[in-house]
Amino acid sequence: MRVLFFTNPLAVRLRPLLPLARSLRDQGHEVAVSTAVTMRGLLEPEGFELMLFGATSDEVSAEVSRRAGTDVLFLPAEDLVAEYFAGARIDLLADEAADRAGAWAPDLVVAEYCDLIGPLIAQALDVPCAVVSTGPSPSSGTLDAMAHKVAGRYVERGLQPPSRVPWGRWLLDLCPPSLHPQGWTPPLQRVALRADFVGEAAIPPGPPFASAGERPRVLLGPGTATGASLGLEAVLRSLDSLGIEVAATAGWRTAAGLARDTYQDYAAEGLSAASSLEGMSAVLHDGSAEMTFAAAARGIPAVVLPASPEQQLRAQAVEAAGAGLALRPGHPEPALITEGIGRLLGDARFTDAARRIGREMAGMPTATEVGRWLVAAVSRKRQPRPPSGRS
């Protein structure tokens with residue numbers, strides 16, 4: 001079988017697709033990935049066939065700004081998301097994508113949630129499409145705006161516009177049930193998919209921690225230092241009051257301008273997210289899918305400092321599930337971070353909720369299981385039952 005993956009050219013959107021792509025390749029199927037050339041460094045070591053072409057993220061953003069007559073930073077989030085993913089990116093890429101995909105002739109298209117080119121190409125080629133979601137879902141208003149924006153692009157190509165976004169046959173959902181809003185209904189047939197990518201390449205690999213003794217350990221995770229405009233020293237001074245051991249990723253050290261050997265008892269430079277989370281009692285992270293699932297899979301509660309609207313949704317979901325606290329986007333005082341960490345460490349219910357989500361994730365089907373199911377579903381006239389995973 002030939003499987004063509006589509007993704008926006010951002011590492012945080014590409015990485016969740018890789019375990020499934022690898023599993024299909026390892027099962028003997030032909031796998032290709034379509035995205036911009038800026039993803040070459042991440043993709044070339046994987047050995048997939050590559051379709052690297054078209055506008056980069058910066059070029060799509062520039063086109064959105066040109067159309068709006070203002071910088072993308074000043075656009076309402078709903079308008080920005082709709083124009084970026086369902087307007088400008090489709091206009092800049094869809095026709096060339098159709099030509100290249102048609103020549104490659106896939107049997108199945110797999111697209112990440114905010115890539116709307118893949119579903120359009122799947123309909124044009126009359127092949128099934130699976131959409132990978134790192135949830136929770138954007139608001140209904142945002143999804144309606146995207147569906148409205150993309151509809152004309154389908155019509156002008158002689159295609160039936162989707163009634164909703166995402167469009168496809170299956171939703172491959174990496175988000176565990178507890179992180180979805182109460183009463184959430186999947187827009188497509190949901191197939192659970194365990195988030196095996198957790199923490200991959202979030203932090204370069206390096207040495208393990210030394211023994212922590214009896215003190216709780218807290219990780220200041222990747223992605224938060226720049227968004228918060230905070231230095232490591234200021235946060236460490238505030239956290240001193242908790243009597244804990246703190247590890248900070250390389251991003252914090254760089255933002256603080258610290259020398260390599262400064263705060264060597266506190267800062268852990270060059271750790272994989274998997275190893276950096278081992279032995280942690282709590283973590284501060286930015287709400288990326290990578291770190292949200294990495295912490296949850298290990299039952300570690302989190303204080304979440306989001307930047308993007310998508311990260312805010314995950315932060316709110318973590319808080320609603322009782323597995324952490326969400327800070328307001330912006331530039332919080334170090335005291336707010338300390339207060340949040342203190343609450344996580346002082347109330348076992350946060351850890352209990354995080355462990356519950358970890359058990360949910362452990363019971364979700366693996367990429368190998370989902371890959372086999374997809375092949376069977378595409379190859380057979382009668383669709384097999386979705387993989388159930390383990391509980």
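Analyst: Let us begin with two terms. Contact means that heavy atoms lie within 4.5 Å. Helices (H or I, at least four residues) and strands (E, at least two) are DSSP runs, numbered from the N terminus. The model is predicted: local features need pLDDT of at least 70, side-chain atom pairs count only at pLDDT 80 or more, and totals for chains, interfaces and linings use all residues. Residues are numbered from 1 along each chain as its sequence is written, and side-chain values use heavy atoms, with hydrogens and water left out.

User: Against which elements do the buried residues of helix 15 pack?

Analyst: They pack against helix 12 (289-297), strand 12 (324-326) and helix 14 (334-346). Buried means under 20% relative accessible area, exposed over 50%, and partly exposed in between (1.4 Å probe, protein chains only). In helix 15, the buried residues are Phe350, Thr351, Ala353, Ala354, Ile357, Gly358 and Met361.

User: Where do the buried residues fall when one looks down the axis of helix 15?

Analyst: The general idea is that an α-helix has 3.6 residues a turn, so residues three or four places apart point the same way. The buried residues of helix 15 fall within an arc of 160 degrees, so they line one face of the helix; the arc is that of the directions from the helix axis to the C-beta atoms. The face turned away from the buried side carries the exposed residues Ala348, Arg349 and Arg359. Helix 15 comprises residues 348-362, and its 15 residues reach 21 Å from first C-alpha to last, close to the 21 Å expected at 1.5 Å a residue. That expected span is 1.5 Å times one less than the number of residues.

User: How is a sheet read, and what is the order of the seven strands in the open sheet?

Analyst: Two strands pair if DSSP finds at least two bridges between them. The open sheet of seven strands has the order 3-2-1-4-5-6-7, with parallel pairing. Its edge strands are strand 3 and strand 7 (189-192), each of which pairs on one side only. Neighbouring strands of this sheet are turned by 25 degrees against each other on average, direction ignored. For angles, axes are lines fitted to C-alpha atoms, for helices over the stretch in contact, and angles run from 0 to 180 degrees between N-to-C directions.

User: Which helix touches strand 1, strand 2 and strand 3?

Analyst: Helix 5 (residues 77-104) packs on the sheet there, and its direction makes about 160 degrees with that of strand 1. Helix 16 (residues 367-379) lies across strand 4, strand 5, strand 6 and strand 7, running at about 175 degrees to strand 6.

User: How many residues of strand 4 are buried?

Analyst: In a regular strand the side chains alternate between the two faces of the sheet. In strand 4 (residues 108-112), Leu108, Val110 and Glu112 point one way and Val109 and Ala111 the other. Five of the five residues are buried, so strand 4 is largely enclosed by the rest of the structure.

User: What order do the strands of the five-stranded open sheet have?

Analyst: The order is 9-8-10-11-12, again with parallel pairing. Strand 9 (245-248) and strand 12 stand at the edges, each with a single partner strand, so one side of each is left without a neighbour in the sheet. Neighbouring strands are turned by 15 degrees against each other on average, direction ignored. Within the sheet, strand 10 (residues 282-285) and strand 11 (residues 302-304) pair over three bridges, and leucine 284 stands opposite valine 303. Helix 13 (residues 309-320) lies across strand 11 and strand 12, at about 140 degrees to strand 12.

User: Where is arginine 169 placed?

Analyst: Arginine 169 lies in the loop between helix 7 (140-155) and strand 6 (170-173). At 44% relative accessibility, arginine 169 counts as partly exposed.
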